[in-house]
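The entries follow in the order in which I made them.

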Amino acid sequence: MTWKFMLVLAWVTILICSTTASSKGGENYVRDACSVTRYQDICMHSLASFSSTAKNNPSKWARVGVSVTLSQAKGVTQSLLKLKKHNSLKGRGRVALLDCAECFQDALDNLHNSLGVLRKLSSQTFNDQMGDVTTWLSAALTDEVTCLDGFEDQRRRKQVKLLLNRVTNVSYMTSNALALVNKLATTGPECLENS
């Protein structure tokens, strides 16, 4: 590669990673970040308050996406454990509840692992770290969907419906977090300077 090409590439990277507030308002930051996600309304609603700190930095948006998802997943896990403790469901519903609680414990572990790596990103090991985070987030999403599958024949019960709505919401947020991580992975380690 010629030095001119490298200079142009460096300039383009700086433009992509730039956090200059003059080019965008806070609402545009979150809209741009969420543009890569499948559930954009949920993304913008759950992450809008981070616009002024994340601006247009893919590394910060990935961390925030996983962090907010982790918080919501903890809430669902607590609900599952309460239902389990109070023996609210019987028969197949109870089995599905126990399986779901186990799935969410696994999902929490995977989300914690992901956030831990995102907080310690290094340009030297960036690609390996992105591979790990992507694997853990994909596993968390699989755990959440598996939880939903277990309640297939219980969906008419009011208590189950409320729980499944919360589980579904967390699965959408996990999907969005994965999209934000994928955006970071394709942007590359150059943006780490601004995180």
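**Entry 1: Leu178.** I began with Leu178, which is buried because its relative accessible area is 13% (buried means under 20% relative accessible area, exposed over 50%, partly exposed in between, with a 1.4 Å probe and protein chains only). I placed Leu178 in helix H8, residues 158–187 (helices are DSSP runs of H or I with at least four residues, strands are runs of E with at least two, and both are numbered from the N terminus). I then took the C-alpha to C-alpha distance from Leu178 to Gly65 and got 8.3 Å, for a pair 113 residues apart in sequence.

**Entry 2: ground rules.** I noted that this is a predicted model, in which local features need pLDDT of at least 70 and side-chain atom pairs count only at pLDDT 80 or more, while totals for chains, interfaces and linings use all residues. Residues are numbered from 1 along each chain as its sequence is written, and side-chain values use heavy atoms, with hydrogens and water left out.

**Entry 3: the chain as a whole.** I counted eight helices and zero strands. Read from the N terminus, the order of elements is α-α-α-α-α-α-α-α. The chain has 195 residues, and 40% of them are buried.

**Entry 4: disulfides.** How many disulfides does the structure hold? I found two, taking a disulfide as a pair of cysteine sulfur atoms within 2.5 Å. Such a link is a covalent bond between the sulfur atoms of two cysteines.

Cys34 and Cys43 make one of these pairs, with 2.0 Å between their sulfur atoms. The S-S torsion of Cys34 and Cys43 is about -75°, so I logged this disulfide as left-handed. Both cysteines of the pair, Cys34 and Cys43, are buried.

Cys100 and Cys147 are also joined by a disulfide, at 1.7 Å from S to S. Is that disulfide left-handed or right-handed? The torsion about the S-S bond of Cys100 and Cys147 is about -65°, so the disulfide is left-handed. It links distant parts of the chain: Cys100 sits in helix H6 (residues 91–118) and Cys147 in helix H7 (residues 126–150), 47 residues apart. I logged Cys100 as buried, since its relative accessibility is 0%, and Cys147 as buried too, at 2%.

I also checked Cys103, which is in no disulfide; the nearest cysteine sulfur belongs to Cys147 and is 6.2 Å away. Cys103 counts as buried because its relative accessibility is 12%.

**Entry 5: Cys34 again.** I went back to Cys34 for its place, which is in helix H2. Its relative accessibility is 0%, so Cys34 is buried.

**Entry 6: salt bridge.** Side chains of opposite charge can pair when their charged atoms come close. With the cut-off set as a side-chain nitrogen of Lys or Arg within 4 Å of a carboxyl oxygen of Asp or Glu, I counted one salt bridge. Which side chains form it? Glu27 and Arg31 do, with an N to O distance of 2.2 Å. Both residues lie in helix H2 (residues 26–34), four residues apart, or about one turn of the helix. Glu27 is exposed, as its relative accessibility is 56%; Arg31 is partly exposed, at 35%.

**Entry 7: Leu70.** I found Leu70 in helix H5, residues 58–85. Leu70 counts as buried because its relative accessibility is 4%.

**Entry 8: Lys55.** Last, I looked at backbone torsions. Lys55 has a positive phi of about 50°, although Lys55 is not a glycine. It lies in the loop between helix H4 (51–54) and H5. At 25% relative accessibility, I logged Lys55 as partly exposed.
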